[in-house]
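Biologist: I would like to go through this model one question at a time. Please show the sequence and the structure before we start.

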Amino acid sequence: MEHLWANRAESAEAAVTARHLKALWHLPGTQLGVVAWPPVRRAPHWHYWWQAHLLDCLVDAQLRDPQAERATRIKRQIRTHRLRNVGRWTNAYYDDMAWLALAIQRACLVTGLDRRRALGTLTRQLTDSWMPEAGGGIPWRKDEQFTEPFFNAPANGPAGIFLAREPGWLERAKEMGDWIDATLIDPDTNLVFDGIRSGSLVRAQYTYCQGVVLGLETELAARTGEQRHAARVHRLVAAVREHMAPGGVIKGAGGGDGGLFAGITARYLALVATALPGQTDVDAQARDTAGKLVLSSAKSAWDYRQSVDGLPLFGAFWDQPAEVPRSSSAPARFAGGAVYESEIPERDLSVQLGGWMLMEAAHTVATGLPTR
C-alpha cells in the first residue's frame, strides 16, 4: 500500500508541476503556482495562502522522495513568494501569515535552508497580535485590532501549530489551544465553530477549522504529555467522522479558498494517525479512525479523478466525478478577503493542491511516519 500511495502522490505532484508551476514575470530562477488551469490571461491575483500550501505540498513530496531538483523548487518558491509580495513576508491576514510560517518552518527542517529572519518576522506578527484583553485569540486580519476584531480558528489554529514547533513558544501555543477549546467548541456536535466577534459566535463549521485544531492539539499532546490535549483530539476525531465525512469521505467545499479545506483536514488527520501519543484504547481508536478517514477519502478522490494527458485532475468533491475545466469558463474572483470559486471549480489551483495534499496524507498514513 505504501508504494501505491507513493505513486499516486507522485502523479499528483507531476500534475500540479506541469499545469501550474511557472516562472514569475518570465524571470529566471523564479517560480509560483498559476492560480488557474487552463490559465487566465493577466490573472489579477496570486493568492498568498494558496502559494503557502503549494510550498507545504512540495515539502511533503520532499519528505516522501528526496530530490535535489525539488529542493531547488522549494527554495525558488520561498524566494519568489517574497518577491511577488513586494519584498515582504507579511500581509494583512494573520491566517495567511501563519500558513506561510508553517510551510517555511517545515521547508527549513527538510532542506537545511536558513530562513531565520523570515521566521522571526512572522513569529513576531503571530505573537504580538495575541489579544486576550479583547476576547482572543489573535484576530483574522490586522485592521481589526482597532475595530471589532474577529477571532477565528483559521488564524489561531495554524498559528498555534507553528508556535508549538517553534522554540520558546510552546506555552503560547498551549494558551491558544485552551482559548479555542473554551471559546469555539460546539457543545452539541463537538465540532469547532469558525470564530467569534464582539462576544457573538460565528457558527459556521468548516472542515479546515477541525483540521487545524486537530493539528494543534496533536502537537500539544506529543510535546507536553498533558492528557487534556489528547482528550480533545479523541473528541474531535469522533465528531469529524460523525458530522463531516459522510460515507467515510471528507466533505468538499467547492473551489476558490474552499478547495483547500478538505486537504488541510486530511493533512492533520494524518498527523493524528501517525503522531498522537498514548497506548490506551481511546488513543488507538482515534489514530485508527483518523487514518481510515484519510485513506477512504483518498481512494474515493482517486477513483473519481479525471485523467488529462496521463495526469490526474481531482474533483472539488471527492465523492463525485471531477469535471475537466474549460478556458471559456469564468475564473475565480477575489472579494472581501476571500477567493470565490471558478465556474468549474476544478480549474482552481486550490482544488488540485487539495487533491495532492490528500495523496501525500494517504502516503503518510500508509508509511506510519509523521511528516511534521
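Modeller: A residue is called buried when its relative accessible area is under 20%. The model is a predicted one.

Biologist: How many of the 19 residues of α12 are buried?

Modeller: Helix α12 covers residues 349-367. The helix is largely enclosed by the rest of the structure, because the number of its 19 residues that are buried is 17.

Biologist: How far apart are the end C-alpha atoms of α12, and what span should its 19 residues have?

Modeller: At 1.5 Å a residue, the 19 residues of α12 should span 27 Å. The end C-alpha atoms agree with that, being apart by 27 Å.

Biologist: Which residue follows α12, and what is its phi?

Modeller: The residue after α12 is G368. The phi of G368 is positive, near 75 degrees.

Biologist: How many of the 17 residues of α2 are buried?

Modeller: From its first C-alpha to its last it reaches 25 Å, close to the 24 Å expected. This helix is largely enclosed by the rest of the structure, because its count of buried residues, out of 17, is 16.

Biologist: What is the N to O distance in the salt bridge of E13 and R73?

Modeller: E13 lies in helix α1 and R73 in helix α3, so the pair ties together parts that are 60 residues apart in sequence. E13 is buried at 5% relative accessibility, and R73 is buried at 13%. Their side chains meet in a salt bridge with an N to O distance of 3.1 Å.

Biologist: Which residues of α1 are buried?

Modeller: Helix α1 holds residues 2-20, and its end C-alpha atoms are 27 Å apart, in agreement with the span its 19 residues should have. The buried residues of α1 are W5, A6, R8, A9, A12, E13, A15, V16, R19 and H20.

Biologist: How many salt bridges does a search of the whole structure find, and which residues are linked in a network?

Modeller: The search of the whole structure finds 26 salt bridges. The residues linked in a network of salt bridges are E171, K174, D178, D181, E217, E226, R228, R232 and R235.

Biologist: How many disulfides does a search of the whole structure find?

Modeller: C209 is in no disulfide, as the nearest cysteine sulfur, that of C57, is 19 Å away. C209 is buried at 0% relative accessibility, and C108 is also buried, at 14%. For disulfides, the search of the whole structure finds 0.

Biologist: Which residues does T123 touch, not counting residues up to four places away in sequence?

Modeller: T123 is found in helix α5, residues 116-128. The relative accessible area of T123 is 8%, so T123 is buried. Beyond four places in sequence, T123 touches F162, L163, E166 and W169.

Biologist: Which residues make a nonpolar surface patch of about 300 Å²?

Modeller: One of them is in helix α3, residues 68-84. That residue, L83, is partly exposed, with a relative accessible area of 37%. The patch is made by W25, L27 and L83.

Conventions:
Residues numbered from 1 in each chain as written. Predicted model: local features only at pLDDT ≥ 70, side-chain atom pairs only at ≥ 80, totals over all residues. Heavy atoms only, no water. Disulfide = S-S within 2.5 Å. Buried < 20%, exposed > 50% of the residue type's maximum accessible area, 1.4 Å probe, protein only. Helix = DSSP H or I, 4+ residues; strand = E, 2+ residues; numbered from the N terminus. Expected span 1.5 Å × (residues − 1). Patch = residues over 30% accessible without salt bridge, like charges linked within 9 Å, V, L, I, M, F, W, Y side chains within 5 Å. Areas by Shrake-Rupley, 256 points an atom, 1.4 Å probe, with all protein chains shown as cover. Salt bridge = Lys/Arg side-chain N within 4 Å of Asp/Glu carboxyl O. Contact = heavy atoms within 4.5 Å.
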